[in-house]
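Student: Could you take me through how to read a ligand's surroundings and a covered helix?

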Amino acid sequence: MAPYNPKAKTAIGLRLAAGRPVAAFTWPPFAEVETLPEAPVLEVRDLRTYFHTERGTARAVDGVSFSVGRGRTLAVVGESGCGKTVTALSILKLLNMPPAEIVSGQILLDGRDLVPLTPKEMQPVRGGQAAMIFQEPATSLNPVFTVGDQIGEAIRMHRRISKQDERAEVIRLLREVRMSEPERRVDQYPHELSGGMKQRAMIAMALSCNPKLIIADEPTTALDVTMQARILELLRQMRETHGTAVLLITHDLGVVAETADDVVVMYAGRVAEQADVRSLFAKPLHPYSIGLFKSLPRVDRSEERLQEIPGNVPSPTKFPSGCRFRTRCPLAVAKCSEEPPLVEVEPGHRSACWFAADLAAGREVNFTASVSSQVPKAAGLAGGAA
Amino acid sequence: MSASTSAPTSHAKKSDTATTDMPLLNVAGLSKFFPVRRGIFARVKQWVRAVDDVSFTLGKGETLGLVGESGCGKTTVGRTILRLTRATAGQVMFEGEDILQLPRSRLHELRPKMQIIFQDPYGSLNPRMTVGNAVAEPFRIHGDVTSGGEPVRLTGVQLRERVGRLLEQVGMPADAQYRYPHEFSGGQRQRIGIARALALKPKFIVCDEPTSALDVSVRAQVINLLQDLQKAYGLSYLMISHDLAAVRHISRQVAVMYLGRIVEQAPTTELYDRPRHPYTRVLLSAIPLPDPTKRRARVTAADDEIPSPINVPTGCAFHPRCPLYALLGKPERCHTELPALSPVAPGSQHVVRCHYHEEIGKLG
Ligand SMILES: Nc1ncnc2c1ncn2[C@@H]1O[C@H](COP(=O)(O)OP(=O)(O)OP(=O)(O)O)[C@@H](O)[C@H]1O
Ligand SMILES: Nc1ncnc2c1ncn2[C@@H]1O[C@H](COP(=O)(O)OP(=O)(O)OP(=O)(O)O)[C@@H](O)[C@H]1O
Ligand code: SF4
Ligand SMILES: [Mg+2]
Ligand SMILES: [Mg+2]
């Protein structure tokens with residue numbers, strides 16, 4: 001998120017591909033010069049994607065902006081239905097239009113706006129400059145072709161290559177994604193691979209054209225923790241060795257903490273909060289994010305009771321006016337029926353809440369109402385006798 | 001609760017809820033092998049050792065967590081205990097009766113006391129049945145057996161009131177019974193499933209991944225609900241999950257499975273804070289912590305793939321992936337001799353199936 005990033009002020013030109021300043025070479029403070037931040041690989045500005053349905057217009061993505069720099073990972077988090085996937089699919093224009101419509105906004109990939117491009121013009125972008133990895137590797141691989149055929153095809157789409165070189169290239173890619181026995185795997189069919197291996201094959205395919213941007217939509221949700229750890233490690237390496245920018249969609253805050261540089265928290269089609277990963281986890285400044293953190297069971301400590309955010313995410317055809325979180329928010333007051341702007345509360349840390357400044361000053365948020373508070377405390381389940 | 005292959009009945013330990021001497025559930029030597037057939041008429045050539053000699057006990061009002069990678073046999077343990085799948089061997093004593101040996105009629109009588117909640121809140125409710133009919137289904141099958149006497153047939157207003165109260169107990173409005181499942185969110189459907197499981201006042205519930213399909217905030221709602229119901233009614237849970245954080249939160253004891261066998265079991269805090277099995281170490285260190293200041297070094301397992309339960313490795317089944325085995329220079333015992341599930345210290349409730357668990361500190 002280069003434009004909002006306070007860290008952009010670094011010693012001249014001394015940045016690693018990963019975007020971190022090289023400590024050993026940092027010039028003394030007096031030599032520090034304000035440099036123009038590197039142009040982001042992806043910049044999304046005020047994106048609005050609506051679905052026109054029988055039940056009305058679903059404003060699934062409604063004014064979302066963010067950017068991802070070279071070699072950086074931006075995580076988009078939020079509950080089911082908040083618009084994460086629709087955002088990703090809008091970027092690569094993979095939605096059926098209609099019913100979907102990009103109502104407004106710009107999607108700048110390396111400075112070029114993708115919104116006005118025709119399907120034909122989009123083709124070289126997909127699987128060229130930008131690649132996507134989906135949650136269900138099983139459904140995105142074709143069962144009747146071998147892994148080698150499919151990765152090979154992805155390579156051929158973007159460059160001319162001899163049959164022999166193609167095979168060697170596929171094996172090299174499989175090795176790069178740490179697939180065991182790549183020489184054998186190349187001739188296997190998807191059903192012969194485990195979930196984690198299929199996901200690696202998908203990543204190999206995504207890498208085949210050396211993309212500048214990888215969009216990964218819940219890439220590890222269908223996998224075990226051990227396999228998840230490996231896939232995340234792999235994405236981290238890709239980013240460091242090739243400088244790939246990664247847009248990572250997930251609802252797992254552990255995954256975010258471990259892999260992201262910057263985070264966008266979405267709620268009901270809008271950005272609730274945006275910050276670098278450390279500030280967000282150290283001090284969330286939106287009641288929704290605060291609720292998410294409080295409701296998280298922790299593997300590294302025991303606690304008595306989890307807090308709950310009462311209620312459910314509203315349906316996209318029936319979003320409340322004003323702040324969309326107000327129906328579930330313990331801080332909500334009359335003012336919240338006006339829409340709060342996304343403001344920078346602390347450097348690089350933005351929140352769309354009328355009380356953001358109070359929260360920054362230490363105001364507490366307590367989610368007390370509990371769905372199960374109605375459980376009768378006396379013993380005996382509902383029954384004739386009880 | 002305790003687990004050991006040799007003496008499964010040993011100690012029903014002190015607990016803060018009132019327990020009698022006899023645990024509610026005592027599982028001993030439970031095994032389930034599925035035949036692998038090639039072609040319809042072919043003879044069985046191989047077996048999937050889905051569950052292999054699993055033993056544990058569960059007291060009244062307690063929760064045992066069962067964790068492990070996909071395919072290690074967790075669901076099969078739950079299903080064989082409830083006799084939804086026929087066990088190959090073993091004993092499942094529920095309040096003194098062996099579930100696996102009971103005649104069908106007696107099993108039918110016991111069914112109301114043992115329930116299961118499924119992972120998929122979408123698939124487990126019939127889309128064409130109203131929520132009310134779904135929750136009332138147990139009453140239709142068994143009658144109302146909750147008064148302890150003869151089953152009573154519930155109808156009309158009586159049934160609707162009863163279903164309404166069950167729904168309220170899980171935090172849903174009573175009039176939800178007149179609507180259809182698709183009108184509810186995942187978390188709400190999971191609560192409907194819980195209401196149905198509670199209908200006949202069970203004593204024991206197998207929760208098979210009850211929160212895996214749910215979002216963070218909804219997951220907290222369901223976990224809290226399960227805990228409140230447990231406190232109010234003294235329910236016992238077998239909590240099957242690969243969500244190790246949720247399991248830590250809700251369980252008193254946790255058992256870790258690997259390729260059909262329990263490899264470690266201990267009181268919850270002990271297991272999470274002082275794991276002794278290399279596999280448990282690998283599992284725990286793979287979980288990303290929601291704290292960016294704690295990006296950790298991992299204890300990783302060798303080899304990408306979990307060996308299949310058809311060809312279980314010899315000796316300790318974990319040896320091909322075990323980081324401790326590699327570190328110790330591949331000691332012969334690990335690939336020749338099956339380690340016993342034994343206490344880490346004499347009399348300890350913490351049991352582990354590893355020849356070299358005392359060397360675990362070497363993994364750093
Ligand atoms: N084809 C469609 N027609 C109508 N509405 C749609 C369509 N696709 C998505 N939506 C709606 O858009 C909203 C956002 O959906 P999206 O898939 O982006 O959510 P998500 O944040 O990715 O959730 P999840 O975590 O469940 O994947 C949802 O409410 C969804 O119902
Ligand atoms: N009906 C069946 N026939 C043959 N094999 C089976 C059957 N049911 C389960 N298995 C096998 O038994 C093993 C254990 O399966 P099980 O479903 O119990 O695992 P699990 O630990 O619940 O996994 P998950 O976390 O993926 O739900 C797997 O290898 C599975 O393929
Ligand atoms: S018995 Fe050997 S191979 Fe098995 S877990 Fe222990 S050290 Fe590893
Ligand atoms: Mg999605
Ligand atoms: Mg299962």
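Tutor: We begin with the ligand and then turn to a helix. This is a predicted model, in which local features need pLDDT of at least 70, side-chain atom pairs count only at pLDDT 80 or more, and totals for chains, interfaces and linings use all residues. Side-chain values use heavy atoms, with hydrogens and water left out.

Student: Which residues come nearest to ligand 1?

Tutor: A residue is near a molecule if one of its heavy atoms lies within 4 Å of it. Of the 13 residues around ligand 1, the nearest are A:Ser80, A:Gly81, A:Lys84, A:Thr85 and A:Val86. By class, this shell has five nonpolar, five polar (Gly counts among the polar) and three charged residues.

Student: Which polar side-chain atom lies 2.5 Å from an oxygen atom of ligand 1?

Tutor: A polar contact is a pair of N or O atoms within 3.5 Å. Here a polar side-chain atom of A:Ser80 lies 2.5 Å from a ligand 1 oxygen, while a polar backbone atom of A:Gly81 is 2.7 Å from an oxygen atom of ligand 1. The protein buries 66% of the 630 Å² that ligand 1 exposes when taken alone (Shrake-Rupley method, 1.4 Å probe).

Student: How many residues of helix H11 of chain A are buried?

Tutor: Buried means under 20% relative accessible area, with a 1.4 Å probe and protein chains only, and helices are DSSP runs (H or I) of at least four residues. In H11 (residues 287-294) of chain A, seven of the eight residues are buried, among them A:Tyr288 and A:Phe293. What covers these buried residues includes helix H12 (356-360) of chain A and helix H6 (216-233) of chain B.

Terms used:
Residues numbered from 1 in each chain as written. Chains lettered and ligands numbered in written order. Polar contact = N/O pair within 3.5 Å; in protein donor to acceptor, adjacent residues only side chain to side chain. Buried < 20%, exposed > 50% of the residue type's maximum accessible area, 1.4 Å probe, protein only. Helix = DSSP H or I, 4+ residues; strand = E, 2+ residues; numbered from the N terminus. Contact = heavy atoms within 4.5 Å.
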